[in-house]
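Me: I am new to this structure. Could you take me through the terms used for it?

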Amino acid sequence: MTEPLLREGSLTWRKELVDFVEKLRGALPQQDELTPLQDWQRRITGGVVVQFFSFLEKTASEELYPQLADHPLPERLFLLVTDEPGLLAAQELMDLDSVQAYAVLKEEWRAFLEAPNTDPDEAYIHHYQFWSVWHQNIPDNWDVEPLEEGYDYWLHEEGFALADGAGRGAQHLWKWNGEKMELAEETMTSWTS
């Protein structure tokens, strides 16, 4: 079975992105080099990536998203924007040697978007994307319970954009105690377009 081909414009856009990222990317850790926290983040990110692919198989239709009629998903690059644990999850779950998929670190993606003479493809003609990133920038206006000693909050942001005006995103609050990650509050915020 032959691999579906990306549109010519999508192949060109992919090459521009890959060439840009390869100049930035340093050595990535191996799975056995991850800290326990990073390993939990890898597992959780892998789970939401699997959920996203399941969603695409069952739901991502032109009936629900009419924008896909002009720019079908198989003709565009799937782009995962993530952090190091997420990139390791992607290597386990996806064929990153395929022209159909690529994964970038959030810092690499930000640099690409901010660089002069790069095409951010804001109209999602050449790509569609899923993101899964972790950080500890908890908004001051969130009403969160004080944590007992030895725990930290982590915010997981995930979502997708299939086309201009066709996506969703959410932020989930997790607790880390040095050994395991626990969901403190699912969907602290969410949006849909």
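Predicted model: local features only at pLDDT ≥ 70, side-chain atom pairs only at ≥ 80, totals over all residues.

Reply: Residues are numbered from 1 along each chain as its sequence is written, and side-chain values use heavy atoms, with hydrogens and water left out.

Me: Why is Arg42 called buried?

Reply: Buried means under 20% relative accessible area, exposed over 50%, and partly exposed in between (1.4 Å probe, protein chains only). Arg42 has 10% relative accessibility, so Arg42 counts as buried.

Me: What makes the link between the side chains of Arg42 and Asp39 a polar contact?

Reply: A polar contact is a pair of N or O atoms within 3.5 Å; within protein, one must be able to donate a hydrogen and the other to accept it, and residues adjacent in sequence count only if both atoms are side-chain atoms. The two side chains are joined at 2.9 Å.

Me: Where is Arg42 found, and which residues does Arg42 touch?

Reply: Arg42 lies in helix H2, residues 36–59. Helices (H or I, at least four residues) and strands (E, at least two) are DSSP runs, numbered from the N terminus. Contact means heavy atoms within 4.5 Å. Leaving out residues up to four places away in sequence, Arg42 touches Gln31, Leu34, Pro85, Leu88, Ala89 and Glu92.

Me: Why is Leu88 called buried?

Reply: Leu88 has a relative accessible area of 7%, so Leu88 is buried. Its place is in helix H3, residues 84–93. Beyond its neighbours within four places in sequence, Leu88 is in contact with residues including Pro29, Gln30 and Arg42.

Me: Is Thr118 buried or exposed?

Reply: Thr118 is at 18% relative accessibility, so Thr118 counts as buried. Thr118 sits in the loop between helix H4 (106–114) and strand E3 (127–135). Its side chain reaches the backbone oxygen of Phe112 at 2.6 Å and that of Ala115 at 3.1 Å.

Me: How do you describe the packing of H1 and H4?

Reply: Two packed helices are described by the angle between their axes and the distance between the axes. Axes are lines fitted to C-alpha atoms, for helices over the stretch in contact, and angles run from 0 to 180 degrees between N-to-C directions. Helix H1 (residues 8–24) and H4 pack at about 120°, with axes 10 Å apart. Residues making the contact include Trp13 and Phe20 of H1 and Trp109 and Phe112 of H4.
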